Amino acid sequence: MAGWLLVALCGVTGLYCLARRSRCEGAGREAVMGLGMAVMGLPPAVFAPPGWWWAVYAAVFGAEAARAAWNLWGGPRGHHVHHLVGSLAMVYMALPTGDAVHGAHAAHGSHGGGGLPLLTGALLAYYAVWALRAGARPARAAARGPDAGAEAVAGCRVVMAVAMLVMLAGMPG
């Protein structure tokens, strides 16, 4: 049941951000992240991707990581750094390792493999701190009367951070 809730949360958030992409800077990138996480969270009984599927994730989120890295040079760093970390984390979760390379099911069905405990722990710590800090921002901003579009994207980022925590916590290894 928790897996389905994660899929629904990521899918709805991704679709919401997709609908807002023309009005809110960054919403398109959050949509890609949300929809990608929704697909990655699907149980293998619903969607059993072919063996090359990890390469699609690596290409899509590798391109997103490259775009975030490129944007680091041209402006405010905060959300670009976060998007870079998120995109690389998606590539990391999708990479086949261990038994997943040999065809056994991994943490997200056959969507990815086990990871390196130290790296997984570091990502878990990053997302826990980020979600706690970012989750408090919309509440403070609501009192000041913020730009609704910017706050919507910020809310999407909080949802994606919490969902990333859940997905990383479910990784073996």
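Mentor: Happy to, and keep in mind that this is a predicted model. Let's begin with a pair of helices: α2 passes α3 in a left-handed crossing.

Trainee: Which residues make that contact?

Mentor: On the α2 side they are R29, V32, M33, G36, V39 and M40, and on the α3 side W53, Y57, V60, F61, E64 and R67.

Trainee: And how do the residues of that contact divide by class?

Mentor: Eight are nonpolar, one is polar and three are charged.

Trainee: OK, at what angle do the axes of α2 and α3 cross?

Mentor: At roughly 160°, and the axes come within 12 Å. Angles over 145 degrees count as roughly antiparallel, so α2 is roughly antiparallel to α3.

Trainee: Let's switch to α1. How far apart are the axes of α1 and α2?

Mentor: Those axes are 7 Å apart, and the two helices pack at an angle of about 155°. α1, which covers residues 2-20, is therefore roughly antiparallel to α2.

Trainee: Is the crossing of α1 and α2 left-handed or right-handed?

Mentor: It is left-handed.

Trainee: Which residues meet there?

Mentor: α1 brings V7, C10, G11, G14, L15, C17, L18 and R20. From α2 come A27, G28, E30, A31, G34, L35, M37, A38 and G41. By class, the contact of α1 with α2 has ten nonpolar, five polar and two charged residues.

Trainee: New topic: empty space. How would anyone find that?

Mentor: Rolling a probe the size of a water molecule over the atoms shows where empty space is left.

Trainee: Which residues line the largest cavity?

Mentor: The lining is made of E30, M33, H82, H83, G86, Y127, R157, M160, A161 and M164.

Trainee: Last one: how does the lining divide into nonpolar, polar and charged?

Mentor: Five of its residues are nonpolar, three are polar and two are charged.

Terms used
Residues numbered from 1 in each chain as written. Predicted model: local features only at pLDDT ≥ 70, side-chain atom pairs only at ≥ 80, totals over all residues. Heavy atoms only, no water. 1 Å grid on protein atoms, 1.4 Å probe; cavity = no way out; pocket = protein on both sides within 12 Å on 5 of 7 lines; lining within 4 Å. Nonpolar A, V, L, I, M, F, W, Y, C, P; charged D, E, K, R; others polar. Axes fitted to C-alpha atoms, helices over the stretch in contact; angles between N-to-C directions. Helix = DSSP H or I, 4+ residues; strand = E, 2+ residues; numbered from the N terminus. Parallel < 35°, antiparallel > 145°, perpendicular 65-115°, else oblique. Left-handed = near helix turned anticlockwise from the far one by under 90°. Contact = heavy atoms within 4.5 Å.
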